[in-house]
Amino acid sequence: MDEPVVSRVYLPAIYGAPRDSPLLEWSGVAQRLTEALHYWVSTADPTGAPISRPVDGGWIEDALYFGGDPKSRWRRNLAANPKATVTLENAENPVILEGFVETTVPDEELASLLAESAQAKYGWGSVEWFQQETCVFRPSQAMTWSGVFEHATKFTFC
């Protein structure tokens, strides 16, 4: 994937965000996503009712791979509407991703990367385990900042 376009997050003046704070680099954000243990996936059902669920996953090549039973509410939501947001658990240094989820069956190379990631993070996972249907979230944009809106940076993926 190409490097995302970097810009400042729009925040109303009343929020007090510093206007001269340096912007962040995507490589640092991607590193945080790679090292995260849990990701919050938010979806909406066909009536617009939201739901958020924490998932284990692997951030590989600018995409989040995660599983879940297709019969679960949030997976049914994604089947009807693939739009989703993904956030990390740290509210002081948030990463907020907006994008789309699709399902895939990883080939052996990708399954090996996913198994390696899961072993390092969670102590479980095999290539065979990851060669089954998997959700993949690809961001269309991301926002992040630190503290009280310092370094408020938006990344747009082409």
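This is a predicted model: local features need pLDDT of at least 70, side-chain atom pairs count only at pLDDT 80 or more; totals for chains, interfaces and linings use all residues.
Biologist: Why is Ser21 called buried?

Modeller: Its relative accessible area is 8%. Buried means under 20%. The value of 8% falls under that cut-off, so Ser21 is buried.

Biologist: Where is Ser21 placed?

Modeller: Ser21 sits in the loop between strand S1 (5-8) and helix H1 (26-35).

Biologist: What makes the Ser21 side chain and the backbone nitrogen of His151 a polar contact?

Modeller: The side chain of Ser21 reaches that nitrogen at 2.7 Å. The limit for such a pair is 3.5 Å. The distance is within the limit, so the pair counts. Leaving aside neighbours within four places in sequence, Ser21 is in contact with Arg8, Glu150 and His151.

Biologist: Is His151 itself buried, exposed or partly exposed, and why?

Modeller: His151 has a relative accessible area of 22%. Buried needs under 20%, and exposed needs over 50%. The value lies in between, so His151 is partly exposed. This residue lies in strand S9.

Biologist: What makes the backbone of His151 worth a remark?

Modeller: His151 has a positive phi of about 60°, although it is not a glycine. Most residues other than glycine have a negative phi. Asp62 also has a positive phi of about 60° and is not a glycine.

Biologist: Why does Asp62 count as buried?

Modeller: Asp62 has 12% relative accessibility. The cut-off is under 20%, so Asp62 counts as buried. Asp62 is found in the loop between S4 and S5.

Biologist: And why does Pro50 count as exposed?

Modeller: Pro50 is at 66% relative accessibility. Exposed means over 50%, so Pro50 qualifies. It lies in strand S3 (residues 50-55). Pro50 still touches Thr43, Ala44 and Arg73, not counting residues up to four places away in sequence.

Biologist: Which residues of H1 are buried?

Modeller: Trp26, Val29, Ala30 and Leu33 are buried in H1.

Biologist: How do you know that they line one face of the helix?

Modeller: Look down the axis of H1. The buried residues fall within an arc of 100°, so they line one face. What covers them includes strand S2 (39-44), strand S7 (95-104), strand S8 (134-146) and H3.

Biologist: How much space lies in the largest pocket?

Modeller: About 340 Å³. Of the 20 residues that line this pocket, the closest to its centre are Phe66, Gly67, Trp124, Trp129 and Phe130. Strand S5 (63-66) and helix H3 (108-122) are the elements that give two or more residues to the lining. H3 gives the most, with four residues.

Biologist: How does the lining divide by class?

Modeller: The lining has ten nonpolar, seven polar and three charged residues. Phe and Trp count as nonpolar, and Gly as polar.

Key
Residues are numbered from 1 along each chain as its sequence is written. Side-chain values use heavy atoms; hydrogens and water are left out. Buried means under 20% relative accessible area, exposed over 50%, partly exposed in between (1.4 Å probe, protein chains only). A polar contact is a pair of N or O atoms within 3.5 Å; within protein, one must be able to donate a hydrogen and the other to accept it, and residues adjacent in sequence count only if both atoms are side-chain atoms. Contact means heavy atoms within 4.5 Å. On a 1 Å grid over the protein atoms alone, a cavity is a set of points where a 1.4 Å probe fits but cannot get out, and a pocket is an open set with protein on both sides within 12 Å along at least five of seven lines; lining residues have an atom within 4 Å of a point. Grid points are joined across faces, edges and corners, and a volume is the space filled by probe spheres set on the points. The arc is that of the directions from the helix axis to the C-beta atoms.
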